[in-house]
Each structure stands twice: as structure tokens, then as C-alpha cells.
Amino acid sequence: MQLQTFAFRTGAAALLAASLAACTTVDLNTPWPTAPAAKPPVAQRPAAQFIRPVNGPIIARFDGDRTKGIDLAGTLGDPVLASADGRVVYVGGELPAYGNMVIIKHNETFLTAYAHLQTIFVKEGTVVRQGDKIAEMGRSNADRVKLRFEIRRNGNPVDPEPYLNGRQPPQ
């Protein structure tokens, strides 16, 4: 046991001596090598704050008066996805112009609304993550199968397209 302790201490002392010797051979007046100049960050388009809730083409654009969101075409039963993380604050069909609808609150600033749904898979109070299937496309109180998608900022309707395309900075 004493031999092992002696060998360990001798090895540690030799390692320490070698480390100190290495330190004393460095010329302290030599300037440190400089790191290569940092490259400026590549200008990237900001990530979209919201994702498209369905893949269909836009069939009606935001105008702020008659259309307070965008209408997206699709097929009966296509999945409707949560555009961003949030909590479901409304599920119902009491607003005739919207048919069956879900509203998700994302934070103190943003709400999203999904209207004309056929089947709804969430209920009020449900926490959803971006991309979760919340409903299926339908035509409740609409002339055709479509999804009316709205984004409300501080309670006011805004054009969803810039938010979906990443042109609008997160707020």
C-alpha cells in the first residue's frame, strides 16, 4: 500500500514539475495569436412566427373589411393545424359568419381563429403546440370547403400572410 502511495505521489510530482517547466519556457512578451476576424452573420429571413394551418392555396385575401383573414382551399376532412403554441379559448358555432370555429390565444398580443370547421378535436382550455391537429376542414356556414384563418394582434385583425411568410418580426 505504501509503495502504491509512493508511486502515485512521485508520478503526480513529476507531472507537476513538467507542467511548471512548460510554463517557464513560454516567452511572456510574445503576443497571443489573434483569432481570425469574425465573419458577419449571413442575412437570413426571419423565421415565420406562425405556420400555415393547411396546405391549400389562398382563395380570398385579407382586406380588413369584408375579409378579416385569409380563406384557404382544401378538401373536406383535411387536417387543420395549430399555427403556433397556445391555449384554446373558444370552441363553438355561435358566430354565423364563421360556422364551427376554434380560437387560440398565443400570448397577450396574438390570437388566431380557424373557421368553417367540420370536426373539432380540442376543447376550451386545451394547450396546443405548433403543428398539432386541432380540427378538420369543413364548410360550416360557407359556400364551399375552406378554412378562414385570422390573426388578431391586440384584438385587431391583421393580414396573416406576412406572419406566415416570416416578413413580420415576432412581437
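Reader: How many aromatic pairs does the structure hold?
Author: Four aromatic pairs, in what is a predicted model.

Reader: How do the rings of phenylalanine 50 and phenylalanine 110 sit?
Author: Their centres are 5.5 Å apart with the planes at 75°. Planes over 60 degrees apart count as edge-to-face, so that's what this pair is.

Reader: And where are those two in the chain?
Author: Phenylalanine 50 is in the loop between helix H1 (2-24) and strand S1 (58-60), while phenylalanine 110 is in strand S6.

Reader: Are phenylalanine 50 and phenylalanine 110 buried or exposed?
Author: Both are buried. Together with Tyr163 they form one aromatic cluster.

Reader: What about tyrosine 114 and phenylalanine 149?
Author: Those ring centres are 5.4 Å apart and the planes are at 50°, so the pair is tilted. Tyrosine 114 belongs to strand S6 and phenylalanine 149 to strand S10, 35 residues apart. Tyrosine 114 has a relative accessible area of 0% and is buried; phenylalanine 149, also at 0%, counts as buried.

Reader: OK, new topic. Which residues have the most contacts inside the largest nonpolar core?
Author: Val80, Val102, Ile104, Tyr114, Ile134, Leu147 and Phe149, in a core of 25 residues. S2, strand S5 (101-105), strand S6 (110-115), S9, S10 and helix H2 (160-165) each supply at least two of the core's residues. There's also a second, separate core of six residues, with Tyr90, Met101, Ile103 and Ala113 among them.

Reader: What does leucine 147 contact?
Author: Setting aside neighbours within four places in sequence, its contacts include Val80, Tyr114, Met137 and Asp71.

Reader: Which side chain does aspartate 71 make a polar contact with?
Author: That of lysine 146, at 3.2 Å. Beyond its neighbours within four places in sequence, aspartate 71 is also in contact with residues including Pro57, Ile59 and Arg148.

Reader: Last one: what's the phi of asparagine 141?
Author: Near 55°, a positive value in a residue other than glycine. Most residues other than glycine have a negative phi. Asparagine 141 is in the loop between strand S9 (133-137) and strand S10 (146-153), and with a relative accessible area of 52% it is exposed. Asparagine 154, in the loop between S10 and strand S11 (156-158), also has a positive phi, near 55°.

Terms used. Residues are numbered from 1 along each chain as its sequence is written. This is a predicted model: local features need pLDDT of at least 70, side-chain atom pairs count only at pLDDT 80 or more; totals for chains, interfaces and linings use all residues. Side-chain values use heavy atoms; hydrogens and water are left out. Helices (H or I, at least four residues) and strands (E, at least two) are DSSP runs, numbered from the N terminus. Buried means under 20% relative accessible area, exposed over 50%, partly exposed in between (1.4 Å probe, protein chains only). A polar contact is a pair of N or O atoms within 3.5 Å; within protein, one must be able to donate a hydrogen and the other to accept it, and residues adjacent in sequence count only if both atoms are side-chain atoms. Contact means heavy atoms within 4.5 Å. A nonpolar core is a set of buried Ala, Val, Leu, Ile, Met, Phe, Trp, Tyr and Cys residues joined through side-chain atoms within 4.5 Å. Rings of Phe, Tyr and Trp (its six-membered ring) pair if their centres lie within 6.5 Å; planes under 30 degrees apart count as stacked, over 60 as edge-to-face and the rest as tilted.
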